[in-house]
Amino acid sequence: MPIGPARMPLFDHLGELRMRLVRIVACLAVAVCVFYLSAPIMGQFLLLPIAQFLPFDPETGWVETVALDPFEAFATRFEIAFFYSVIATSPVILWQLLAFFLPALKPKERKWFVPTFAVGVVLFILGVVFCYLIILQAAFQWLTDQAAGLGYVEPRMSSYIDIIIKFEVAFGFAFELPLVIFYLVIFDVIPYKKLRESWRVIYVVLMVFCAVITPDASPVTMLLLFAAMVVLYELSLLAARVVLAKRIRKQNEELAAEEAE
């Protein structure tokens, strides 16, 4: 990875930052143009998990949504294109960000920095896939059922695409929990023993977090996300206990010494 020297004049740092931002924007612009042309297919893929709740064209087999004006159709196509462009160009974005920040880090910090980004990307993708395969159908089924006896749900194009993308992004970030737990332990912010003993409080905090982060605020979505985060939390503690056994033993000894005093 081509990286600059650690010490540079301020304007040289700003020049390098501008160069890397220009590269990111240029890649995004090209990707947006490509995905904008294929936005209908990409949009159909986003709507696939909830296709049973939408009308479809028998000739094409595609689901249909309603745009109230031409600008809404354009804005929705652009939103779809931008969402897929960020995903497609994420390696370039991460590459440029790493190349800018790595010179400022010490060798020991670099050792953790690169794996952190790699694990973070994997966890984010897992969250997006989990949402796409499991959450979307259950969430929209519950939401559309709320109209029973009152009327019918008009599948507005911008609203449906927007809420699906928000779901995907929210679950992607929520799945970063293992990284948070790992670094809380490794940097001695919260000792492993306290994290393990305070599980009741943490479960309540996770429940509140799930209620806030879910775009639809429905109990079905919230509980599904809460269940996933509880599993992630327990797996995070298990992984920390295995990988950081020496550090956890040291933390326990320090806590025992404090209690003895």
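This is a predicted model: local features need pLDDT of at least 70, side-chain atom pairs count only at pLDDT 80 or more; totals for chains, interfaces and linings use all residues.
Local features need pLDDT of at least 70 and side-chain atom pairs count only at pLDDT 80 or more, while totals for chains, interfaces and linings use all residues. Residues are numbered from 1 along each chain as its sequence is written, and side-chain values use heavy atoms, with hydrogens and water left out.

**Exercise 1.** Work out where Thr 214 sits and what is in contact with Thr 214, leaving aside neighbours within four places in sequence.

*Solution.* 
- Start with the location: Thr 214 is in the loop between helix H9 (199-213) and helix H10 (219-243). Helices here are DSSP runs of H or I, at least four residues, numbered from the N terminus.
- Next, burial: Thr 214 has 4% relative accessibility, so it counts as buried (under 20% relative accessible area, 1.4 Å probe, protein chains only).
- Then look at its side chain: a polar atom there lies 2.9 Å from the backbone oxygen of Cys 210.
- Finally, the partners are Thr 221, Met 222 and Leu 225, where contact means heavy atoms within 4.5 Å.

**Exercise 2.** Describe helix H7 (residues 177-186) and how H7 packs with H10.

*Solution.* 
- Check burial first: nine of the 10 residues of H7 are buried, so the helix is largely enclosed by the rest of the structure. Among them are Leu 179, Tyr 183 and Val 185.
- Step just past the helix: Asp 188 takes a positive phi of about 60°.
- Now the packing: the axes of H7 and H10 are 9 Å apart, at an angle of about 35° (lines fitted to C-alpha atoms over the stretch in contact, angles from 0 to 180 degrees between N-to-C directions).
- List who touches whom: H7 brings Leu 177, Pro 178, Ile 181 and Phe 182, and H10 brings Met 229, Leu 232, Tyr 233, Ser 236, Leu 237 and Val 243.

Conventions:
Helices (H or I, at least four residues) and strands (E, at least two) are DSSP runs, numbered from the N terminus. Buried means under 20% relative accessible area, exposed over 50%, partly exposed in between (1.4 Å probe, protein chains only). A polar contact is a pair of N or O atoms within 3.5 Å; within protein, one must be able to donate a hydrogen and the other to accept it, and residues adjacent in sequence count only if both atoms are side-chain atoms.
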